[in-house]
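Let's take a friendly walk through a protein model together. Have the sequence and the structure open as you read.

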Amino acid sequence: MAHVVNFWPKPFLYAFGNTPPVCLTDSIPPEAAADVLLLGCGDPRNVLYTLTASISKDGQSSHPYLDFTCCDIEPAIIARNILLLTLLADNPDNSKLDLIWNAFYHIYIDQESNDLLCRQAALLLDLLDSLEKWHSSKYGCWIRLATDATLAMVRDLFSQYTSTQSMSPARRSRYEDKYRKGIKETTEFQKDKSAVLLSYTSMSPILPKGGLADTLDKISKRYWESGTTSASQTTQIPNPTLAFSGRGEEFILHYASCPILSFHMPAIAESVLHEASPKPDFIIEQCKLQFREWSNSLSRALVLNSGISQTKRRLTVRFAIADLFSLCGTLAGGKASSGRYTNPWNAQELVLCQEDYGERSLLAAPRTFNVIDTSNLVDHVAFLNLLTTTGPLLRNTVESVLLTETLGHVNTPFNNFLREILCGDPYLMGLLLNLLPTGLFSGFTSRSNPGATLSKVVGTTAGNPVFERTQWKRIGSAFGGLIHDRLSMPPASMAQFLYNVYTKMFEEETARFYQEAVAGRTQVGLTHYIRESFARFLAYIRPRLQSDWDETMDELLALISDDKQLMVGAANLQELFCYLGITGVVDLRQMLGTNPQLADRFGPPQILSQIESGAWSKTDYPNIASVTVRVPRSSLRPLLEGKLAEMGSPALQMTLEGPAGASAFHSIQPVFGEVKLAGENGERLQIIPDKAGVFGSSDLIVTCMVTTDILRVDPENTNVRFGIHPSIGSLKYFGRRGLSGDLALFKIPLSNTDSVFITQLPPNITSLEIPTAAANKETTASSPSVFFVLNSDHLSIAQVGVKFSGFLPPHDQELKDGAQVDCVTEGSSAYLQFGGFKGAIPFPLPVIQSKVKTRVARKSQYIEVLAPPDYSNPIRGNQLQLRRIPSDASPSFVTPFHRVDLDKLPRATDISDLPSWLQSHLTSAFSARELELQKASASGVPTSDLMTNMKDSLAHCFFNFAKYWSESPKGFILIGTKGEKGVDTLIFITGLCLDVSSHTVALDACVLPLHVDMISDLTSPVRALVMDNSNNLRAMSTAPGEQEALKNVWVAAAERCRTSWTHSKNCGYIKSNGNPISNAVGTNPFCKCAIGRSSPDFDKNPNLDPRLRKLVTRVAISPIFAVPYLEKSSIDDIAASFKSGTLGQDIGSVTAPSSARIAPSGDSLDRCRACMKVSETLKKCTGCKKVAYCHAGCQKADWKRHKVECKKAQNE
């Protein structure tokens, strides 16, 4: 496992979510099937909400199939999920929904709910005799169990649930007393308003104040005082699903748990925002209504499954109880097992179900995914560990997305956040990992960041808040195509860069960090990286590199071996070498060498006498071996008797200490139980685990992998030491309790064959395959290679290069003959061109086009194109384009914004007078820099910053809708500045939706691109609408060049809310490569497939000509938010206004609608009354002098309508 093993005997149970659910498929188009992996899955709220978002009320699914693989390390999580899903499936009429709610969410339950829970557990227990029996049941056809271990652990918990109904009085008394004691201990961890802060996040974008905040606090307190969400329930039966977990009989529900946190509450909050004292029961009932809709959606999904063969199921939910490193590594390996344990503190090998994961399986469970959700695991395992573990499972397609969520805070500047978490330059690390957060290359996100705002508003946590749900994608999906795995760099430069990554990963081992930590100038967190982490990072990036790998590794290992920065670096070299060999990064035999004379001198070491002579021959000695040590339970007293609140969760390690020094090993597998020799000749080890674990009476069995070279040097004078990793916190705590400076708990000679066992394979593991990395690929003309030149400090990219070589006839001769070589730019793409050759230059990053240079080697037949990267402005126009998914079916496109179903989102009920929560939310879209530009622009100093202007225009769309809430239709015209072409787009806004899962808002609108012919045609419904002042249309001006960019926004906004129609195979977007059909002013950007797709509210509007329905396109308009790790956010201003009670006054005035942007459409004299062109040479009507025209032709065309108005104006 590429992570330290911590001692934490009572981990909290996150039985249900403390954040609202998200739609897991909002990044992929409707036509795409969804293979979703949920790591740290928690409760099934995300699965159920995704079903709600994906399946209509008439039972139609927006995806061909939905396949969820849910993994969690805690068995109780999976057992509760299976129990809930089967209860909901058996209750299609929702007649028992209140009982199901009680059984899942309440700490104490009533008798009827308890009976239902236990009956269901008994029913499932009977089906869990074997995987075969389960999978052939009515549940097993859609709920699949990935391993036998999962089945065994779930079965064990169900058995314990049912046992509570047959307890003797004495046993029941002990059971209830222990339950109450657990609740009391848990409440001691609670902090003031912790649950309330989390519930604020559930309500974003609405910021609750006053009475609502007090009500939320009351709900949380009532829940922990009474154990229920009900004010009337009095029965106090312990909930069996919270009484038992993977650690045995122990109440360990997380102290901040509260059922309301698992639900979306913006609509609830909006409805009671102005109430002095909202009723807690009202909020609970609203949550139950969402729970009912989840249940209905599951029922609809199961109806879709009925009558369909197993291989064509529309819904499949798979469960695995496993450590994320073990499951991901096994899935990536392509076989049923990969020599990994199921999870830490567990002795069972992870073996996938052959029926679903076998090489010849007809059911073919997915091993790669187009959506991977990792919850907030990055806070527990760190980013590099997570990305290198999940990266191999993410499909190399444009729609594929990896989702991470961090709930923590870092004390680093916003612009250094990515460098810190990736341990190196984010652009180069992203290229090596083939993963980058989408905001890094687009400069914006369509999702709000509620945690940052709320922690500033009501939190007290120091540091820079980075609560962020981040979307990571393959590099190529950002820059116009999937980048090939062909990156190169001079070996010495690559080695130096990787060495810098290495020292950053382990900076806690430096003297500087230690001194800063002791002085209290830096925060000491949990240790996440071990040498296995770095080895697996190298194994992950190796296939992407074209560089000479052996030379790179020689240079890198020389740097690491000579390192003087890390105080204990030398002590970790043996573990690094071990995992470089296990992962196939290097050939250990070649790196460490073999010495037959040494083997002859010592023979098989005495400590290997337990293995039959000849099992490990002198000349074929293995490079890697397993060392297993039995640690007496009495030696663990400092851990077992330590105070958890003070001790924390110390990391454990094993050390081999000999005359030459000590080597530490952190990648260990501890298990409480017994160990015995197995196999015909005692060549294998078997661990029999103690089911009571840390609460039992067994010794601790600890295993780690080592290089055999360390075993062969003076084994008789080498000791094995097990103890605590000497971090600053552990040294302080355990040093006061008598442990020596090395924090050793147990020490024994390596030669002690009673307690030390050395085998080729770890205990209970059947095979351990060491991969052999593929040879470097040769570059071909059809596959240009990408290379880099680093800056002198080897920390960042100085030049990005693309090398073309191996030209085929006749281009090879053209190059030899001196053909002119040029680099040309077409739109957002660059091309290399000479003679008859033209090839796209796949720059993996934005570059400064004016500094592109070429190096031509005519004899050697290659051309290199180099340019410095352009970091000055990450926002590129092409980031608003659609990306096509290659498919033989109807075209599908990926949008730069997350997808929404406008018909399913809750509507705001009252936004008249622009409520303060909406003002603050729209303001939060701006970065601090953009907000200053916007303020200046509102004061008469215009800005040329495109993104600032677009954000301002989008904000004015919301302001226009709110200001003219009571008018119908609520539309306005976008026009250009003076001197430019004018009339462009007519927008009809029919409602404001609360995009609850992304903590933002969306306007349900229809867009009608205008052109002159529409206005000048006297019979056109558009002309009649625009020219009729009674429609109260508003005109809004835009900045130069902004209208063209907004064309991209409208196209993406239409695609993101597409649910009921498909693109044709001849769709115009295919030819335009995802661009608008045209983004020129006065043209239509939409493909023909999108035109005429109106909304129900638009169609029902009696004030609109029905003929308009064939001309408009439905869109979902949302704010575009600044990316918190690129620019300083504006949350400080919003938080200050919230706390001072001026929210909506000072902040609202910043982005409030101004007459300079929005004005009545009929009062302008700077555009032609007939054709709507903007011009400074218009001629006023000589009669009324209130309208103007381009020329006499326009005046004549408009006279029939204007005649009445003109006479009326003159009479006035």
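## A serine and its surroundings

Setting aside neighbours within four places in sequence, Ser 663 is in contact (heavy atoms within 4.5 Å) with Ala 571, Gln 574, Met 654, Thr 655, Leu 656 and Ile 710. Before we go on, keep in mind that this is a predicted model, where local features need pLDDT of at least 70 and side-chain atom pairs count only at pLDDT 80 or more, while totals for chains, interfaces and linings use all residues. Residues are numbered from 1 along each chain as its sequence is written, and side-chain values use heavy atoms, with hydrogens and water left out.

Ser 663 sits in strand β21, residues 661–665; helices (H or I, at least four residues) and strands (E, at least two) are DSSP runs, numbered from the N terminus. Is Ser 663 buried or exposed? With a relative accessible area of 9%, Ser 663 is buried. Here buried means under 20% relative accessible area, exposed over 50%, and partly exposed in between, using a 1.4 Å probe and protein chains only. Val 720 is 57 residues from Ser 663 along the chain, and their C-alpha atoms are separated by 9.9 Å.

One of the contacts of Ser 663 is Gln 574, and Gln 574 is among the buried residues of helix α26. Ten of the ten residues of α26 (residues 573–582) are buried, so this helix is largely enclosed by the rest of the structure. After α26 comes Gly 584, with a positive phi near 80°.

Now look at a pair of helices. Helix α16 (residues 383–390) and helix α24 (residues 531–541) pack at an angle of about 40°, with their axes 9 Å apart. Axes are lines fitted to C-alpha atoms, for helices over the stretch in contact, and angles run from 0 to 180 degrees between N-to-C directions. The helices α16 and α24 are therefore oblique to each other: angles under 35 degrees count as roughly parallel, over 145 as roughly antiparallel, 65 to 115 as roughly perpendicular and the rest as oblique. Which residues in α16 and α24 meet? Leu 384, Asn 385, Leu 387 and Thr 388 in α16 meet Ser 533, Arg 536, Phe 537 and Tyr 540 in α24.

Finally, turn to the cysteines. With a disulfide defined as a pair of cysteine sulfur atoms within 2.5 Å, the count comes to zero disulfides. Cys 1206 is in no disulfide, and its nearest cysteine sulfur, that of Cys 1181, is 3.8 Å away. Cys 1206 counts as buried at 2% relative accessibility, whereas Cys 823, at 32%, counts as partly exposed.
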